[in-house]
Amino acid sequence: MRIIKNRILKGIVTKPLDKSFSLNEGLETTGAELKKIIQEKFSRSLHIREVDTGSCGACESEIISTTNPIYDIQRFGVSFVASPRHADCLLVTGPVSKNMALALKKTYDAMPEPKFVITLGRCALDGGIFKDAYYTEKGVANIIPVAFHIPGCPPKPLDIIKALITFLKAR
Amino acid sequence: MDYKAVLKELNEKLGVETKTVFLREDEIYLKVNLNDFKTTCLTLHKVLLAPIASLFALDCRKDSGVFEIYCSFASAKCKKWFFVVAEISGDDPKFNSLAKDIYSASLFEREIKEMFGIEPYGNPDTRRLRLHSEICPEIYPLRKDFNKPPARGKAEDYVFNKVEGEGIFEVPVGPVHAGIIGPGHFRFSMAGEPIINLEIRLGFKHRGIEKLFEGKTIPEAINLSECVSGDASFANSLSFCTAIEKIAGITPSENTQMLRAVFLELERLYNHINDMGGIAVDVGFSFPAAFAQIVKENILQLNEKLTGSRYLKNVNSPGEVKITWDKEKAEAAQEALKKIYKDFKEIKEILLSSVSFMDRVDGTGVLKKKTAEDLGVTGVAARASGIAADLRKDFPGIYAKAKFNPVKQEAGDCLARLNMRIAEFEESLRVICDFLGKITPQPQMASNYNIKEGFALGYAEAWRGALTYWVKVNKNGVIERCKITDPSFLNWQALSFCVLGDIIPDFPLCNKSFDLSYSGNDL
């Protein structure tokens, strides 16, 4: 009963629940734009596989946030999948620690063509704050070809969605 | 209890006089000969009834030709951290292993071996933790004379513990997992359905953070500490800053301390609610999970409103917090927290009133108190198994003003850990509201301090458990050595014990009920 009551009360929570939390202005229009592009270019769905190669964990948390009921990126046609074999796109965070280089390469190789790689967060670009560490490969581009970078440390959920639009439009 | 009584008892039991070389309000350093190091640690361990908080080495060969080894214990009774210090010769570095007598020393010793090349003599397990043997040869990166990046070594396989017997099979999982989560390798040995052994191999995210700290100035190092574990960035920067404050001899104002406590508790709130949702996800109960995600997002947005950062980064500096505080912020926070509490109560009731949910979490993944003590488990996991250890109570500082009430559970199963999070969420909310009423508005203050040469321990009760930073600053005012002991480092071991006898589908549930950091463990 409580669940049913809550479901009705919360409705389809795709908007900010509360005006005092409404830092998400523009989400609906941005989302509609993303949906349109994905409809056209990926016939309705873009499947993303995420790999963490040594980030601090904040980027993962923000990627998960894009799937929460407030942003709900899935309704725009983006879904995060459990296997590289199901994926169109590989989303990589972290500077690539030496221990993860091989796993990253293998994950990339396991993806079917056509495929592309997006990096997310400052350390994925060139190592960022971990650039001078002895045990990193200084960015994803040194291991696999990268098509696009989403900047931020970490990027906010809405920024991730906007960046995806910028990239997909140009593609 | 006075620390002098402890020292007296220690000296009587040992039969030799230990030398107190350094004393601070909450730290005491005892210097012993390397030959007495092991017995001193064991005796202190028994006298204090405390687990090893940290065990680490230092390369001082440039100045004195020796390595130094430090073993620390936290004593709630004397409100002091005890450090046993010994010197190890630089020519043939080795020391007597503690691992056979104190199990929790084992991981620290393996770390010392791979990072410094100091041999823990008598430790039965000297496999490497982070510098995987198939990736690089032995390089000892924390030695001061290490400078070149590792060459790719000869492939040398890591040997997993093997269970043999009829019908026993292995299930390897990872390093890349199905979810949006960090990398780690889990090797299950199964006899039919039940798990009879689980070996966890981590270190995939190792970047060499401790080495990276060396030579950094204080502001640079604070930024780096925030990237040690992104979901506990405030606790990390707080621990680091308290260490620097002790070295520089400054005390932050009460207002600053209360603000810090508010942010530390906000960090706890968003992570605890995230875990409550995560536990629901892992049993396929999606409604409360989605609900919890909404609450988490609300807390993150509150964080942004208060500090400009969703993950409370760039807030701490030695002696100050780098933000303004006014009445509007306090009111906004109070209002937001009221709504958050309402939603939280709903989630709690949905979870605890579902019979099928309770059936999954009740009695699953039991971590026995004895095991938890042997492993030196800290934080939520320890308190769920009946160990009353919480730095907010043991070394209360500003928390004494809010009359902080620690919570504890006895059962040690997933439900106990869930109940811990629920109870801590409520207590944290109370503490935040208490402090919000006491904090007076303040403008942004410049952090004003003169860094000196010295060393100190900084600590905070992060949401996972006790987080400590032992920092040494050299005469140029840059970091000489920074040893981070993340709560996940010891708690990962506990996970491999608690799943025994359960089935593989219960593993994600147990894993989430601990919710440990890959990044903080791997460094």
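Helices here are DSSP runs of H or I with at least four residues, and strands are runs of E with at least two, both numbered from the N terminus. On that basis, chain A of this predicted model comprises six helices and five strands.

Let me stay with chain A for a moment. Along the sequence, its elements follow the pattern α-α-β-α-β-β-α-β-α-β-α. Chain A has 171 residues, of which 41% are buried. If we take the contacts in chain A between residues at least 6 apart in sequence, 79% of them join residues at least 24 apart.

Confidence deserves a word before we go on. The average pLDDT of chain A is 83, and 85% of the residues score at least 70. In residues 12–23 of chain A, however, the pLDDT is below 50, although this stretch still has 18 contacts in the model beyond near neighbours in sequence.

I turn now to the interface. On the chain B side, 47 residues are in contact with 41 residues of chain A. Which elements of chain B give two or more residues to that side? They are helix 5 (209–213), helix 6 (218–226), helix 9 (286–307) and helix 10 (327–352) of chain B. Helix 9 of chain B gives the most, with eight residues. Sorted by class, the side of chain B that touches chain A holds 22 nonpolar, 14 polar and 11 charged residues.

Next, a pair of helices within chain B. In general, two packed helices are described by the angle between their axes and the distance between the axes. For helix 15 (residues 414–438) and helix 17 (residues 507–514) of chain B, the angle is about 30 degrees and the axes are 9 Å apart. Because angles under 35 degrees count as roughly parallel, helix 15 of chain B is roughly parallel to helix 17 of chain B. The crossing of these two helices of chain B is left-handed. Where they meet, helix 15 of chain B presents Cys414(B), Arg417(B) and Leu418(B), and helix 17 of chain B presents Leu509(B), Cys510(B) and Ser513(B). By class, this contact has four nonpolar, one polar and one charged residues.

Is Ala411(B) buried, exposed or partly exposed? With 17 other C-beta atoms within 10 Å, Ala411(B) is partly exposed, since burial requires 20 or more and exposure 12 or fewer. As for distance, Ala411(B) and Leu259(B) are separated by 152 residues in sequence and by 34 Å in space, C-alpha to C-alpha.

How values were computed:
Residues numbered from 1 in each chain as written. Chains lettered and ligands numbered in written order. Predicted model: local features only at pLDDT ≥ 70, side-chain atom pairs only at ≥ 80, totals over all residues. Contact = placed C-beta atoms within 7 Å. Nonpolar A, V, L, I, M, F, W, Y, C, P; charged D, E, K, R; others polar. Axes fitted to C-alpha atoms, helices over the stretch in contact; angles between N-to-C directions. Parallel < 35°, antiparallel > 145°, perpendicular 65-115°, else oblique. Left-handed = near helix turned anticlockwise from the far one by under 90°. pLDDT = per-residue confidence, 0-100.
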